[in-house]
Amino acid sequence: NRHIVAMNDSFIKGLGISDPAEALGMRPGEALHCVHAHKNVQGCGTTDYCASCGAALAIAACISDGQPAERTCALKRTRGGKEEELALVVRVHPFMINNELFLLGFMYDITQQQQRAMLERTFFHDINNIVSGILGASGLLTLKQGETETTTMINQLTLRLKTEIDIQRSLFNGNEIKITPFIRNIGIS
C-alpha cells in the first residue's frame, strides 16, 4: 500500500518531527509534505504529477520487477509555510517477511549538489558569452583601427581569459586539462 511502517533516525530528523508516530501510515510524499500528495483523494502516488515522480517510479519498478530500483526525484514541498524544492536519489529494495512484500527505501538529499551543478553550468555559459562578445569586439576594433599594439593586447588577453575559463571548466568537470599554447609575450608592465 506504499505506507510507511518504519523509519530510521535520519529520516525522522529530515522530516523535522519529534514523534515518529506522526509519519507512520503515511505515504512518502505525504510525510515529505509534497505539494501534490493531497491533490487526489487516494493520496501520494495517485495524482497526475506522480506519473513522473522519481520516488513513485522507483517504488513501482521495484514492485513490478521484484528487484532494487533507483530514480532521481524532484520534489516540491511546503515546509514552515514556504515552498522549497528538493532533489533526492530514491533507492528501493524489496524484501519478504512472512510471505508479505515490503520495500526498504533509501532517500539521499542531493539538492545542494544539483544546485551547485546548475550554477556552474550557468556561470560557464554566461562567462563564455561575454568572452565571445569581447573577442568579436576586439576583431571589429582591429578591422577599424588596424592591428596595433593595443588591439593585439586586447585580443591576446581575451584569448588568455578564454583559456583560463576552459581550464576551470575542465577542473570542475574532472577532465584532463589540455592547453594549446598560442599566447605571445605581450610585454605588460
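Predicted model: local features only at pLDDT ≥ 70, side-chain atom pairs only at ≥ 80, totals over all residues.
Three strands make up an open sheet, arranged in the order β1-β2-β3 and paired in antiparallel fashion. Because β1 and β3 stand at the edges and each has a single partner strand, one side of each is left without a neighbour in the sheet. From one strand to the next, the twist averages 40°.

The antiparallel pair of β1 and β2 is joined by eleven bridges, and within this pair Arg 77 has Glu 84 of β2 as its bridge partner. These two strands form a hairpin with two residues between them, where Gly 80 takes a positive phi near 60°.

Between β2 and β3, which also run antiparallel, there are ten bridges. Val 90 has Met 107 of β3 as its bridge partner, while Arg 91 stands opposite Phe 106, which likewise belongs to β3. The hairpin that β2 and β3 form has two residues between the strands, and Asn 98 in its turn has a positive phi of about 50°.

## Helices against the sheet

Helix α3 lies across β1, β2 and β3, and its direction runs at about 145° to β1. Helix α4, which covers residues 111–145, packs on the sheet and touches β2 and β3, with its direction making about 130° with that of β2.

Ser 138 has its place in helix α4. Is this residue buried or exposed? Ser 138 has a relative accessibility of 2%, and since buried means under 20% relative accessible area, Ser 138 counts as buried. When its neighbours within four places in sequence are left aside, Ser 138 is in contact with Ile 154 and Asn 155.

## The largest pocket

The largest pocket holds about 1000 Å³ of space. It is lined by 34 residues, of which Ile 4, Ala 6, Leu 103, Leu 104 and Gly 105 are the closest to its centre. The elements that each give two or more residues to this lining are α1 (9–15), α3 (54–65), β1 (69–79), β2 (82–97) and β3 (100–109).

About 300 Å³ of space lies in the second largest pocket. Its lining is made of 21 residues, and the closest to the centre are Cys 34, Cys 50, Cys 53, Cys 73 and Leu 75. Two or more residues of this lining come from each of α2 (28–31), α3 and β1.

The element that gives the most to the lining of the second largest pocket is β1, with four residues. The residues of this lining divide into 15 nonpolar, four polar and two charged.

Technical notes
Residues numbered from 1 in each chain as written. Heavy atoms only, no water. 1 Å grid on protein atoms, 1.4 Å probe; cavity = no way out; pocket = protein on both sides within 12 Å on 5 of 7 lines; lining within 4 Å. Points joined across faces, edges and corners; volume = space filled by probe spheres on them. Nonpolar A, V, L, I, M, F, W, Y, C, P; charged D, E, K, R; others polar. Pairing = 2+ DSSP bridges. Axes fitted to C-alpha atoms, helices over the stretch in contact; angles between N-to-C directions. Contact = heavy atoms within 4.5 Å. Buried < 20%, exposed > 50% of the residue type's maximum accessible area, 1.4 Å probe, protein only.
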